[in-house]
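Here are some notes for a colleague who is opening this structure for the first time. Please keep the sequence and the view at hand while reading.

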Amino acid sequence: SVNPDLASERLTASFNVEKLTAQLDGGAEHTRMRRAVVEAIECDPVFSRENEYFQSQNERYEAAVRKAVYLQKKMYKMGWTENGPEYKYIYRALSGDVALLLHRIFMRSISVLGSDKQIAKWIPLATQYQLIGSYAQTELGHGTYLQGLETTAVFDITTQEFILNTPKISAMKWWPGDMGRSATHSVVFAQLYIQGKCYGVHPFIVQIRSLQDHSLCPGIIAGDIGPKMNFEHVDNGYLMLQNVRIPRENMLNKFCEVQPDGTYIRQGSQKINYFTMTTVRISLISDEVIIPLMKACTIAIRYSVVRRQSKLKPGEQEAKILDYQTQQEKLLPQLAAAYAFHFINDYLQELFDRGYREIQRKNFDTLPELHAFSSGFKAMVTQYSTSAVETCLRACGGHGYSLLSGLPSLYTKILASCIYEGENTILLLQTARFLIKCFMAASAGQPVPPSVTYLAAVKPGNCPAKNKLDFLSPDIYTEAYQHIAVRLISSRAAELQDLIQSGVKKHDAWNQCTVQLVQAAKAHCHYITVKNFTETVEKLETKAGIQKIMKHLCDLFALHGIFSNAGVFLHDGYISGAQMDMVTASYLDLLAIIRKDAVPLVDAFDFTDKNLNSALGSYDGQVYQRLYEWAQKSPTNKQMSPAYEKYLKPLLHNTLSKL
Amino acid sequence: AAMVTMNADLRRERAAATFQPELVTHILDGGAERTRRRKEIEALVINDPDFQHEDLNFLSRSQRYEQAIRKSSLMVMKLREYGIADPDEIYWFKSFVHRGRPEPLDLHLGMFLPTLLTQATPEQQDRFFMPAWNLEIIGTYAQTEMGHGTHLRGLETTATYDPATQEFILNSPTVTSIKWWPGGLGKTSNHAIVLAQLYTQGQCKGLHAFIVPIRQLGTHEPLPGITVGDIGPKFGYDEMDNGYLKMDNFRIPRENMLMKYAQVEPDGTYVKPLSDKLTYGTMVFIRSLIVGDSARSLSRACTIAIRYSAVRHQSELKPGEPEPQILDYQTQQYKLFPLLATAYAFHFVGAYIKDTYHRISGDINEGDLSELPELHALTAGLKAFTSWTANAGIEECRMACGGHGYSRCSGIPDIYVTFTPSCTYEGENTVMMLQTARFLVKSYTQVNSGQRVTGMVSYLNDLSRQRIQPQHVAARTVTVRINDPVSLVEAYKARAARLVEAAAKNLQAELNHRKSKEDAWNRTSVDLVRASEAHCHYVIVKLFTAKLSEISNAAVRAVLTDLCLLYALYGISKNAGDFLQASILTDTQITQVNQHVKELLAIIRPNAIALVDSFDFHDVHLGSVLGRYDGNIYENMFEWAKKSPLNKTEVHESFHKHLKPMQAKL
């Protein structure tokens, strides 16, 4: 039975939850398909995550491998394919708790970087799991800065082979998933040398383990890199190469080739490579960032209406903690952000689909814009969501700290997204570089991509709001965000110019401005997110109350941003002190309004209990019973601890002094 | 020999420092003699083979618990053997043994024994204290329940007095009333001090403490009527058996109620305690410890991140030149140096609170409780402020170490998961901030009614003066000198005054609109928390600034002044809205503040390594491959990884069980 405190929340929803779910899925038919996939996965005990929180690293890894292997059978049985529409739902249903994900990256990189001949050779083997692939780029000493990689591949004309080496300890490949224990092959990125000349980083296919007994190949040292904050199920690995020889044909050569005589030929455009990198950054936003954020909101908000603590009115029952303004102020902005990011993700997907069509027509004009967008939004969304999930965790007090709440694992997983696929600070600086360039171009009257034309349209004047209700007007706050983005970008451009004119070298000037350039790039992304949210709201159907509640969330997202960055908005007087008080008042009013729909708003995310895997966040709200039952399943309660016999007993019996 | 193998970057950094790190260490320790003694105790533990063990990162939870129990038992023995009895020295010893981590006897030593000392009658002390001192009794302190934490009055466990048998009957009447979280309860303890609602003669007399045996001496099996166990895996605290306890009609003799203050007489008559303020004292003490812990945990994270950033080279700053140390990037400095300054600030605040506590508890013993409310409010707020800031700061340090920060070998994940619950325990932070706010609003009301207030809130006295001289606010703007810490203290003071006043006025406005006091309070609570934060921020800047004048060595004073300025200016930059809105600073001044922050980053850069060396964490204590004193990071990461549990065999058994059959079938 559903906890009455949670049930009552659902009776008063101002909108149709099922319709909002369909909206989020992109149509009711998608919702149906998603539920069917989730159901098929969850009814299968192999995929159960019931014991996840109690397992050791070894057990987690083994379970993930088992799931990966079993999944192949399951997909075959269900008629699902890797390119089918069900695939993304499979990943969601598994919560990513499966091994061999790098095998797909291995295949993708061969498909993109390999010649037709290479594709014909390797892809069938990989498809049938005759080999297991990984993707080895990052090294101990180098991550995001790829040019700095130190692994070498030297071409030996006499034997027509590449000799791969790890010349020093910092050159060791470090972090690649599936490499520590599972992979037999890997795409390895190395500096190509021909006759003493370095040609930069190139990809090579290297066999690392025997296909017979899985032992390491000669010249290979590989293993697991040890425990991490999360991803215990993944065998992130290290790889050391000592004079490992591979045939000339193993260099992926769609774009670059080394001919038998050692001639290096570059063919076609490598720009498509950058496009792959940018699409990966965009694709991770949905699965690895927005879904965990939605889960965290679901758990924290449901728990906050079940948890009662202290009294708001004397003589009454203790209040639900969600009725406290401070709790609303912690959680509801995170909920608004989850929706804002869901919509910006739709926007980015569309932008990329369009870009992809252009690129297929060999038009690479949109690439800089796509690159800047994927970098900036990856950084902004991952950073914002990571701190949002942590806020949810801490908003659940002591119980949030238990692994059984599900929140620690969501947090430790999402926070890795701030680093992989490009460290966020570096990505924001790349976006900033693009923005500064566009600003200079726009100022000089040159054309700029449509998404940044606002940089040229600087309007004078201050915020026109007269009372707190004016701040619920999308035009008012969107313009404020636009004003701030333009100001931060233009003043950095001016500062850079000043510094350079005063004789500071260009790169020094850049480094001196980086703190505020990062801020400017964030302001740009924040502005686009707010603007996109308001535009999405306009397009929503007015029926079923959906538009109305989304408008509230949009307002909340926007005003929370102004409230939390007040200094930036007050700085040049665009928003006055009196107006800032109006912002605060409107913002706090919205908390009370959205509070009423908080539970329906997380119900609309439509996570099953098994998928949430949280003692605090289940649909029925039986928080305390579940916490108690789950705790009893802990291995620490099943076996008598050896510590008693060995240490406690002598201690208690005071025989310790004899030790 | 250490110099031979030291990483060249770190060697160069250390040679270039403008001050002697030992002098700063002495300041942090509270004197050269204390540094000497701390290091002596440190050596005692670190050179003791009994306290060595495998890297904890590779052990399962059970194994970590077992190691901790083993070390705790030895620790108790050795403390007595060495005759270490001073509280600070015990703290040092313990923290080296457990490397700053929790251990299963924490609650026995830190709560059970002290509670016996302060709340037990002489008869009870005879019965329980010596057995507990000799560890025949291991106790814990069972307060928190599944359904209630910080809000103590809501606890549901009952202790009903039965005059017929002269016993208390303890019950956990609901699922939510099950005791949940107490450390050492799950597996270790055989007794617990249980907090329960006392019922006698049909009346509830509120919360009282009872000594409850929970496990059979000898077999360690739970007693009949007691259900006890471990609450399962957590974010951190792997070595702690946080437990649950459910009691079903469990009877204990009347004499097991702690009766130094309140009493139940044999016939069931209840005798009230004289004052309930005295229990404040312990809370204040423990919260003041958290302030110091915030400083230490953040210092550890800073040490790791800053050393790593000096060793790590990446990308290019200048075309054609070798890859620079990442610490040379402005963005990296901007992430780390304000945190370094914060760690120093919190050290001084922690020391201040500790001293103040000792001073005031002397007064309390002499019956003077006048300063207790302010101290209580201040520690509540500072506990919340420093633990929130340190919590976020540790994460920032980890992020600043990129991918390697995410590995357990960096040590930062462990610091984080160990530290983060302090935002919740000993009083949930938001609730703490609101307690401070209550005191601030009360002080504001006093000022408004013509009374003067004293202590850290005395700035509120100025508010009434300002109302007489409306020009004062505008005049103040120009007087802030951003290069002068003393002047910045004034700016923070003005901000605190403004936010306290705004919150108090909003509260009054809500009161005028609504019937209920509680409702009005709730609707103002976001403002109230902001006011408390501003107050705490002011106190910290003030204490840091005051500390500077105590430093005699010019080089040390110079570098700490830079840090103090950075702390204050960074805080202004991050909260520019408050300073602008209250017209404490102008747009131009904020721009200057931002500029000066960047300049300070460059000024502090050459001393960054020496400033973390001054924290003087031994490598064993730091537990980080990235933060090693010698900077030989990459070799040691490789050595560390080789010991990973997944690497125990060259071919993992999963290959034979799953991968091979799959390859055969497809």
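**Two interfaces, point by point**

1. In chain B, the C-alpha centres of domain 1 and domain 3 are 28 Å apart. Keep in mind that this is a predicted model.

2. Where do the domains of chain B run? The domain assignment gives domain 1 as 19-101 and domain 2 as 114-273. Domain 3 of chain B is given in two pieces, 283-449 + 486-613.

3. Start with the contact inside chain B. Domain 1 of chain B brings 14 residues, and they are in contact with 19 residues of domain 3 of chain B. The two domains bury about 1400 Å² between them. Of that area, 60% is on carbon and sulfur atoms. On the domain 1 side, Phe19(B), Ile27(B) and Leu28(B) lose the most area to domain 3 of chain B. Together these three make up 41% of what that side buries.

4. Charged pairs come next. Three salt bridges are counted between domain 1 and domain 3 of chain B. Arg101(B) and Asp414(B) meet through their side chains in a salt bridge, at 2.6 Å from N to O.

5. Which elements give two or more residues to the domain 1 side? They are helix 3 (21-29) and helix 6 (87-97) of chain B. Helix 3 of chain B supplies the largest share, five residues. By class, the domain 1 side that touches domain 3 of chain B has seven nonpolar, two polar and five charged residues.

6. Now turn to the interface between the chains. Here 130 residues of chain B are in contact with 134 residues of chain A. Chain B and chain A bury about 10800 Å² between them, with 60% of it on carbon and sulfur atoms. In chain B, the residues that lose the most area to chain A are Phe235(B), Tyr406(B) and Leu646(B). Together they account for 8% of what the chain B side buries.

7. How many salt bridges cross the interface of chain B and chain A? The rule finds six. Lys318(B) and Asp508(A) form a salt bridge through their side chains, at 4.0 Å from N to O.

8. Helix 26 of chain B (residues 653-665) gives the most to the side that touches chain A, with 10 residues. The chain B side divides into 47 nonpolar, 50 polar and 33 charged residues.

Definitions and conventions: Residues numbered from 1 in each chain as written. Chains lettered and ligands numbered in written order. Predicted model: local features only at pLDDT ≥ 70, side-chain atom pairs only at ≥ 80, totals over all residues. Heavy atoms only, no water. Domains from an automatic or database assignment. Contact = heavy atoms within 4.5 Å. Buried area = accessible area lost by both parts, 1.4 Å probe. Helix = DSSP H or I, 4+ residues; strand = E, 2+ residues; numbered from the N terminus. Nonpolar A, V, L, I, M, F, W, Y, C, P; charged D, E, K, R; others polar.
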